[in-house]
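Hello,

Here is the structure I promised to pass on to you. Please open it beside this message and read along.

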Amino acid sequence: MRITGCEIRHCNAGWRDFSFLKLTTDDGITGLAEYNECYGSPGLSTVIRRLVERVTGMDAMAHERVHQCLYAMTRQAPGGVNQQAIATIENALLDIKGQALNVPVYDLLGGAIRQEIPVYWSHCGTYLLDPEIAAQCGQEPIHSADDLVALGRRVREAGYSGLKTNMITFDEDGKVGRHMPGFARGPGWPELNTPHRLVGQLRDQLTAMAEGAGPDVGIRLDLNFNFKPEGYRQITTGLDDLGLTWIEIDLYDPVALAAIRERVATPIASCESLFGLREFKPFFENGAMDVAIIDIPWNGAWLGLKIAAMAEAYEINCAPHNFYGHLSTLMSAHFCTALPNFRVMEIDIDDVPWKDDIITWKPEIKNGCVQIPPGPGWGATLNEEVIAAHPPKFVKAD
């Protein structure tokens, strides 16, 4: 069975677009993969098309050979959009191979270890800070600390055992905001220094959410790329007594991250923006994190399993980075199903209503766990009518 070409689909999902690859073969089997061009990867669709052209005619069942071929072709510009394109093609090839063999992808990864996949409610409150986005999600916007208490209660009542939030602040006038200078959003960029009132504001935020969520819901805080090591030390030290499940830090210096981890009792999660074995290796060697986060759309499920195997040698458990659409959730679920050193899976709950209709699968969540996904392959197809009804707003369509 040979690769014959590809088609690209984009679908608007409110404040961002979801993107999909359809990889075709001469046997009539089409493999799917979700990728993300909307955040930080402009031109990714073009790179995917160019790389598919390079491997057209190759054996679609030999995904490792295709991966190695594409890696060699892009060796002088590793990582970034090249790696994301390779991962997208690899994930589509896994779908093809699973369909051809009539098995789910998790069987290709070693078979199911678990039947249920614990998940945590990600970006809890983050999207609801914007009234327009909150309306798209069918929720009331956040205006006060009382709203955060109510949100924590909503998570608990929905049966989730964990949530993750970003930095939500209230100024002296009670105006709500989000601290995110690392992405050039708001004051503080490009210096990334820590405002003197921020630790107190974050304590107020987390205490309010914990009040509503109760003691059985673990709270995670994502600091993203918003500080230098000095700031991360200030924030983590100032929150260390709150008993958070983890604090998430994006930092490209493994030695600096390890030094932060050594100062606090709160577990540190990191690495969601890394590519491949070579980038993860120094973080493992330096003991930089407690939980390694692997992005499956960026790395590919097959390479992701290799990264997780290396993490296992350092006694580190792994969690997927998953804030995309349901196909990404499905791909990440297959990965988690077969992953020995698994920690927990990320999932976004507040979203546009048509997200559930973009593919022919949506997460079945019972007692805070996604149920083992179906097969063969990923176990889903695209709903072309829904995609056509929601044309992209941020990514150029074909």
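Below I go through the salt bridges, the cores, the pockets and the cavities, in that order.

One thing to keep in mind from the start: this is a predicted model.

**Salt bridges**

Side chains of opposite charge can pair when their charged atoms come close. The structure holds 15 such salt bridges, and a few of them are worth a visit.

Start with Asp351 and Arg16, whose side chains form a salt bridge with an N to O distance of 2.8 Å. Asp351 sits in the loop between strand S13 (345–348) and strand S14 (365–366), while Arg16 sits in the loop between strand S1 (3–12) and strand S2 (17–25), so this pair ties together parts that are 335 residues apart in sequence. Are the two partners buried or exposed? Asp351 has a relative accessible area of 8%, which is under the 20% cut-off, so it counts as buried. Arg16 is buried as well, with a relative accessible area of 1%.

Next, look at Asp241 and Arg203, where the closest N and O atoms of the salt bridge are 2.7 Å apart. Here Asp241 belongs to the loop between helix H8 (229–238) and strand S9 (246–248), and Arg203 to helix H7 (residues 198–213), so the bridge ties together parts 38 residues apart in sequence. Asp241 is exposed, with a relative accessible area of 57%, whereas Arg203 is partly exposed at 27%.

The salt bridge between Lys281 and Glu285 has its closest N and O atoms 2.6 Å apart. Both residues lie in helix H10 (residues 276–285), and being 4 residues apart there, they are separated by about one helical turn. Lys281 is partly exposed, at 40% relative accessibility, and Glu285 is partly exposed too, at 44%.

Finally, Glu7, Arg9, Lys22 and Glu384 are joined in a network of salt bridges.

In soluble globular proteins, nonpolar side chains tend to be buried together. The largest nonpolar core in this model has 122 residues, and those with the most contacts inside it are Leu23, Ile89, Leu163, Leu223, Ile249, Phe284 and Ile358. Which element gives the most to this core? That is H3, with 7 residues.

Leaving aside neighbours within four places in sequence, Leu23 is in contact with residues including Ile3, Gly5, Cys6, Ile29 and Val52. Its contacts also include Ile89, Ala92, Leu93 and Ile96.

The largest pocket holds about 770 Å³ of space. It is lined by 31 residues, and the closest to its centre are Tyr39, Phe183, Arg185, Asn224 and Phe323. By class, its lining has 13 nonpolar, 10 polar and 8 charged residues.

The second largest pocket has about 320 Å³ of space. Of its 17 lining residues, the closest to the centre are Tyr71, Gln83, Gly276, Leu277 and Arg278. Which elements give two or more residues to this lining? They are helix H2 (63–73), helix H3 (80–101), H10 and helix H12 (301–313). The largest share, 4 residues, comes from H10. This lining divides into 7 nonpolar, 7 polar and 3 charged residues.

**Cavities**

How many cavities of 30 Å³ or more are there? The count comes to 2.

The largest cavity has a volume of about 40 Å³. Among the residues that line it are Phe225, Asp250, Leu251, Tyr252, Glu272 and Phe283. By class, the lining of the largest cavity has 6 nonpolar, 2 polar and 2 charged residues.

The second largest cavity has about 30 Å³ of space. Its lining is made of Phe18, Phe20, Gly325, His326, Leu327, Lys355, Ile358 and Ile359. S2 and helix H13 (326–337) are the elements that give two or more residues to this lining. In that lining, 5 residues are nonpolar, 2 are polar and 1 is charged. Ile358, one of these lining residues, is also among those with the most contacts inside the largest nonpolar core.

Enjoy looking through it!

Best wishes

Note on methods:
Residues are numbered from 1 along each chain as its sequence is written. This is a predicted model: local features need pLDDT of at least 70, side-chain atom pairs count only at pLDDT 80 or more; totals for chains, interfaces and linings use all residues. Side-chain values use heavy atoms; hydrogens and water are left out. A salt bridge is a side-chain nitrogen of Lys or Arg within 4 Å of a carboxyl oxygen of Asp or Glu. Buried means under 20% relative accessible area, exposed over 50%, partly exposed in between (1.4 Å probe, protein chains only). On a 1 Å grid over the protein atoms alone, a cavity is a set of points where a 1.4 Å probe fits but cannot get out, and a pocket is an open set with protein on both sides within 12 Å along at least five of seven lines; lining residues have an atom within 4 Å of a point. Grid points are joined across faces, edges and corners, and a volume is the space filled by probe spheres set on the points. Ala, Val, Leu, Ile, Met, Phe, Trp, Tyr, Cys and Pro count as nonpolar, Asp, Glu, Lys and Arg as charged, and the others, Gly among them, as polar. A nonpolar core is a set of buried Ala, Val, Leu, Ile, Met, Phe, Trp, Tyr and Cys residues joined through side-chain atoms within 4.5 Å. Contact means heavy atoms within 4.5 Å.
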